[in-house]
Amino acid sequence: MVAPAHHEFSSAEASAFEAWVRGGGGVMSTIGYTSDQRTEVANVNKLLGNLGVGYSTTKFDLWGNVDTWLTHPVSEGISKIKTDNGIEPDGPAGVTIGSLSGGNVALQVAQLDRGRAAIWGDDWITYDSEWADSQGQQVERFWLNLLKWLSPPTQCQVPVPPPVK
């Protein structure tokens with residue numbers, strides 16, 4: 001028997017998670033690890049919902065290149081990252097900073113009291129084995145920017161090098 005990637009989150013876990021993030025924690029959420037996307041979204045939204053961030057329950061067709069970026073520390077030096085069978089982030093506290101040219105949302109970020117959240121609409125960027133096929137994309141730079149922004153501003157801060165052209 002194969003164990004599920006994670007269990008169904010309880011209200012107590014969601015409340016504890018909310019307190020940790022709002023108290024200064026940083027969270028990056030990705031999605032698309034199971035074939036049952038609706039159940040995965042419902043469970044992840046249960047964890048993220050108290051923060052006002054999460055995923056759409058209807059927009060399951062996130063395919064293509066994220067090539068529209070608003071100015072933000074996470075998007076610095078980023079011009080393109082692909083999505084492949086993703087789910088659009090959709091939360092009232094989320095600010096869309098990355099989308100496909102057709103308007104599909106790929107990345108939302110949120111400042112949540114002293115904490116921060118980034119909600120990415122796909123999972124492939126977590127597999128560095130897939131990065132070999134990412135020519136013309138700035139996946140490594142994205143992760144560097146993201147981890148720096150999610151870290152407490154007074155801790156773990158290192159200079160980010162200028163973009164390589």
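1. β5 is mostly covered, with 7 of its 8 residues buried. Keep in mind as you read on that this is a predicted model.

2. What does β5 pair with? On one side there is β4, which runs antiparallel to β5 and is joined to it by 4 bridges. If you want a spot to look at, G98 stands opposite L107 in β5.

3. What is the strand order? The 6 strands form an open sheet running β1-β6-β5-β4-β2-β3, with mixed pairing. At the edges sit β1 (26–29) and β3 (81–86), each pairing on one side only. Neighbouring strands are turned against each other by 25° on average, ignoring direction. As a reminder, strands of a sheet pair through backbone hydrogen bonds, either parallel or antiparallel.

4. One more pairing to check is β2 (residues 62–69) with β4 (residues 95–100), which is antiparallel over 3 bridges. A handy landmark there is T68, which stands opposite S99 in β4.

5. α3 (residues 139–150) lies across β1, β2, β3, β5 (105–112) and β6 (115–120), and runs at about 155° to β6. The helix has 12 residues and reaches 16 Å from its first C-alpha to its last, close to the 16 Å expected at 1.5 Å a residue.

6. Which residues of α3 are buried? They are V139, R141, F142, W143, N145, L146, W149 and L150. Have a look at what they touch: the buried residues of α3 pack against β1, β2, β3, β5 and β6.

7. P161, in the segment after α3, also deserves a glance. Is P161 buried or partly exposed? P161 is partly exposed, because its relative accessible area of 45% falls between the 20% and 50% cut-offs. Setting aside neighbours within four places in sequence, P161 is in contact with R141 and L144. For a sense of distance, P161 and Q111 lie 50 residues apart in sequence and 24 Å apart in space, C-alpha to C-alpha.

8. For the overall layout, the protein chain has 3 helices and 6 strands. Along the sequence they come in the pattern α-β-α-β-β-β-β-β-α. The radius of gyration is 16 Å, close to the 15 Å that the globule rule gives for 165 residues, so the chain is as compact as a globular protein of that length. Its C-alpha atoms fill a box of roughly 45 × 35 × 30 Å along the principal axes.

9. Last, some whole-chain numbers. Of the 165 residues, 44% are buried. Among contacts with a separation of 6 or more, 62% are between residues 24 or more positions apart. The chain exposes about 8,800 Å², and carbon and sulfur atoms supply 55% of that area.

Key
Residues are numbered from 1 along each chain as its sequence is written. This is a predicted model: local features need pLDDT of at least 70, side-chain atom pairs count only at pLDDT 80 or more; totals for chains, interfaces and linings use all residues. Side-chain values use heavy atoms; hydrogens and water are left out. Two strands pair if DSSP finds at least two bridges between them. Helices (H or I, at least four residues) and strands (E, at least two) are DSSP runs, numbered from the N terminus. Axes are lines fitted to C-alpha atoms, for helices over the stretch in contact, and angles run from 0 to 180 degrees between N-to-C directions. Contact means heavy atoms within 4.5 Å. The expected span of a helix is 1.5 Å times one less than its number of residues. Buried means under 20% relative accessible area, exposed over 50%, partly exposed in between (1.4 Å probe, protein chains only). The radius of gyration is taken over C-alpha atoms; the globule rule is 2.2 Å times the number of residues to the power 0.38. Accessible areas come from the Shrake-Rupley method with a 1.4 Å probe; for residues, only the protein chains shown count as cover.
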